[in-house]
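Hi,

Here is the structure I promised to pass on.

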Amino acid sequence: MTMLKKVNMLRRKIMGFLTRNVGRGNQRQNGLLFKREVCSVLICRPNHRLGNLLLVTPLVQEVHDLFPNAKIDLFVKGSAAPAIFKNYKINRIIQLPRRPFRNLIAYFSGWLQIMQKRYDIVINAVGHSSSGRLSARFSNGRFKFFGDTDEWMTLIYHDCEHMAKYPVYSLRGEMINLGFQVGNKKVPLLLLKLSLAEIIEGRKTLDELVPDHKKTICIFTYATGGKIYPSAWWVEFYDRLKQQFYDYNIVEILPAENTSMINFRAPSFYSLDIRKVGSVVANAALFIGADSGMMHLASAVQTPTVGLFKVTNSKIYEPYNTGSIAIDTTRNNIPDCLKIIGRAMHVSDNGQSKKHELL
């Protein structure tokens with residue numbers, strides 16, 4: 001581990017300790033709330049990672065559903081949010097620079113914007129985020145929800161640990177505490193909201209890469225930190241995957257680093273445009289990759305996704321969409337993984353996921 005990573009880990013621990021009680025007990029001190037009066041909502045997720053921002057899309061859909069006439073602002077970090085929320089009805093995206101010390105003016109300007117505008121509701125998407133808690137605390141809002149997990153959530157919802165679901169459950173809990181009925185419908189799925197034109201263009205791109213008379217499996221061999229699998233693991237996995245699924249095309253989706261853990265042995269697609277990558281993956285029959293932002297992108301375009309986990313908790317980060325599964329590779333070797341994938345493909349081919357036929 002590099003010194004920079006050690007410093008960042010220490011910084012997160014210190015900030016988490018200092019901010020753990022920010023906002024606790026202060027959410028409901030501002031009187032009554034009426035749905036029809038909610039005209040502006042601020043959602044805070046000051047994080048730059050692709051996966052973490054995609055995991056906010058169910059919360060944004062929930063807010064739209066609860067307050068259809070409200071204008072939603074997003075307080076985020078980095079440059080990914082405009083592409084992710086392009087086809088959402090977002091009033092404004094307030095972006096902190098990914099590297100604050102290189103652009104202090106833009107950094108402080110972002111914080112000033114959430115202090116100056118008056119919001120009816122402010123929502124911190126992730127309760128354990130120190131920057132999220134601080135942004136909710138310093139924002140100018142009448143009602144502030146800090147994303148805390150109440151005990152009732154763990155008793156009622158077996159899946160409340162998941163990073164896409166618990167922000168929605170937390171918001172529903174706050175609304176219930178304010179006297180509203182919110183129902184018990186399923187949490188919205190991750191959703192990139194690709195347009196028909198984007199999906200068609202992705203189909204053309206995929207047809208140029210591989211024969212169009214066969215279905216395609218997309219693989220993503222990259223990850224960060226301890227989530228990455230060595231090249232030898234991926235080479236063996238790829239060879240066995242080709243052998244078992246000989247009647248499928250296999251296309252590798254390349255990371256921003258433009259590297260391949262299988263040494264570019266498969267046809268590959270590379271783009272820094274999130275939506276272009278998503279449009280290609282949307283036309284695949286299956287996506288396989290380690291826990292990463294690209295795994296969540298595959299979920300967000302509604303492609304059945306296999307997430308490979310070895311260090312992170314799959315209950316928190318597993319792919320969340322129809323037909324997707326998580327595999328613990330510390331308990332399953334490569335042949336076991338392929339058996340599980342085979343069963344998942346069989347279920348998909350028997351009609352539980354019809355997305356690709358509709359395309």
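**What I found**

Of the chain's 359 residues, 52% count as buried (under 20% relative accessible area; exposed is over 50% and partly exposed lies in between, with a 1.4 Å probe and protein chains only). Before you read on: this is a predicted model, where local features need pLDDT of at least 70 and side-chain atom pairs count only at pLDDT 80 or more, while totals for chains, interfaces and linings use all residues. Residues are numbered from 1 along each chain as its sequence is written, and side-chain values use heavy atoms, with hydrogens and water left out.

The secondary structure comes to 15 helices and 11 strands; these are DSSP runs numbered from the N terminus (helices are H or I, at least four residues; strands are E, at least two). Among contacts in the chain with a separation of 6 or more, 62% are between residues 24 or more positions apart (contact means heavy atoms within 4.5 Å).

**First sheet**

Five strands make an open sheet with parallel pairing, ordered S3-S2-S1-S4-S5 (two strands pair if DSSP finds at least two bridges between them). S3 (92-96) and S5 (141-145) are at the edges with a single partner strand each, so one side of each has no neighbour in the sheet. From one strand to the next, the twist averages 20° (axes are lines fitted to C-alpha atoms, for helices over the stretch in contact, and angles run from 0 to 180 degrees between N-to-C directions).

Inside that sheet, S1 (residues 40-45) and S4 (residues 119-124) pair in the parallel sense over four bridges, and Ile43 stands opposite Ile123 in S4. Helix H6 (residues 130-138) lies across S1, S2 (71-77), S4 and S5, and runs at about 165° to S4.

S7 (residues 249-253) pairs with S8 in the parallel sense over two bridges, with Glu252 opposite Ser268 in S8.

S10 (residues 305-309) is mostly covered, as five of its five residues are buried. Thr305, Gly307 and Phe309 point one way from S10, Val306 and Leu308 point the other way, and all are buried. S9 (residues 286-290) runs parallel to S10 and is joined to S10 by four bridges; Ala290 stands opposite Leu308.

**A helix pair**

H11 (residues 274-281) and H12 (residues 293-300) pack at about 60°, with their axes 9 Å apart. The two are therefore oblique to each other (under 35 degrees counts as roughly parallel, over 145 as roughly antiparallel, 65 to 115 as roughly perpendicular and the rest as oblique). The contact is made by Ile274, Val277, Gly278 and Val281 of H11 with Met294, Leu297 and Ala298 of H12.

Cheers
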